[in-house]
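Please keep the view open as you read.

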Amino acid sequence: MATIVSVVLRVLLAFLTAGLVYSVIHGSWGDLNVCVTDESATSSATAHSFTPESGAQVDSVPRYCAESPSAHLRLLNELGELPSTLLLISGLALLHQLLQGAAKDGVYTARTASRLRLLGWWLLAGSLAVAIIEGNARAALLAALAKGEDFTAGAWLDLWAPPYLAVLTGLGLLTFARITRAGTSMREDLEGVV
């Protein structure tokens with residue numbers, strides 16, 4: 001089972017890394033379409049082709065796109081997307097290292113507990129950092145593309161998506177690291193008795 005998971009993680013990691021390298025080499029990191037959606041603003045003015053059923057209403061959410069984006073706008077656009085991909089690739093690499101080490105050394109070892117703790121902290125701190133970076137980039141891009149929008153803390157909070165699941169998963173991994181560390185101590189005590 002561990003071999004299958006290891007192979008799947010390797011393939012996924014290679015696929016994501018190859019996709020990232022391909023997009024950088026072929027210049028698609030600077031998308032021709034630089035767009036941002038202002039999810040904090042809605043309007044009931046919609047196109048006539050959207051007709052809701054009775055008792056329902058259609059809202060529109062503005063999406064701003066640059067006609068010929070500058071390098072600055074392309075960089076802001078990439079900062080709104082790239083950190084998540086980098087966190088995913090690095091998290092998968094750490095998970096792969098953890099699983100290979102646990103299969104080789106055993107689950108209840110200090111090294112496995114250390115790797116589990118590293119993955120937990122990486123996911124916890126990394127997901128918060130990624131959410132902050134991407135929220136700031138989207139807020140700055142919106143301020144650059146929309147009249148009347150400023151790059152403020154309020155604009156950032158409107159576009160920030162707290163990574164609840166990643167934070168809870170990171171906290172869970174840190175808890176399991178403590179459990180593994182305690183299991184390691186108990187195993188060492190039992191080996192000393194026997």
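The side chains of E134 and S84 are joined by a polar contact of 2.5 Å; such a contact is a pair of N or O atoms within 3.5 Å, one able to donate a hydrogen and the other to accept it, and residues adjacent in sequence count only if both atoms are side-chain atoms. The model is predicted, so local features need pLDDT of at least 70 and side-chain atom pairs 80 or more, while totals for chains, interfaces and linings use all residues. Residues are numbered from 1 along each chain as its sequence is written, and side-chain values use heavy atoms, with hydrogens and water left out.

E134 sits in helix α4. Is it buried or exposed? E134 is buried, meaning under 20% relative accessible area, where exposed is over 50% and partly exposed lies in between (1.4 Å probe, protein chains only). E134 has no salt bridge, and the nearest side chain of opposite charge, R138, is 4.1 Å away. A salt bridge here needs a side-chain nitrogen of Lys or Arg within 4 Å of a carboxyl oxygen of Asp or Glu.

Side chains of opposite charge can pair when their charged atoms come close. The whole structure has 1 salt bridge: D105 and R111 meet at 3.9 Å, N to O. D105 counts as partly exposed because its relative accessibility is 32%.

| Residue | Relative accessibility |
|---|---|
| D105 | 32% |
| L79 | 35% |

L79 belongs to helix α2. Together with L75 and I133, L79 forms a nonpolar surface patch with about 240 Å² of accessible area. Patch members have over 30% relative accessible area and no salt bridge, with nonpolar side chains joined within 5 Å; the areas come from the Shrake-Rupley method with a 1.4 Å probe.

Now for the interior. Buried residues make up 30% of the 194 residues. The largest nonpolar core has 12 residues, including V34, L73, L141 and W156; a core is a set of buried Ala, Val, Leu, Ile, Met, Phe, Trp, Tyr and Cys residues joined through side-chain atoms within 4.5 Å. β1, α2, α4 and α5 each supply at least two of its residues, and α4 gives the most, with 4. Apart from this core lies another of 6 residues, among them L94, L98, L116 and L173.

Overall, the protein has 6 helices and 2 strands, in the order α-β-β-α-α-α-α-α. Helices (H or I, at least four residues) and strands (E, at least two) are DSSP runs numbered from the N terminus.

How values were computed:
Patches are made of residues with over 30% relative accessible area and no salt bridge: like charges are joined within 9 Å, nonpolar side chains (Val, Leu, Ile, Met, Phe, Trp, Tyr) within 5 Å. Lys and Arg count as positive and Asp and Glu as negative; His and the chain ends are not counted.
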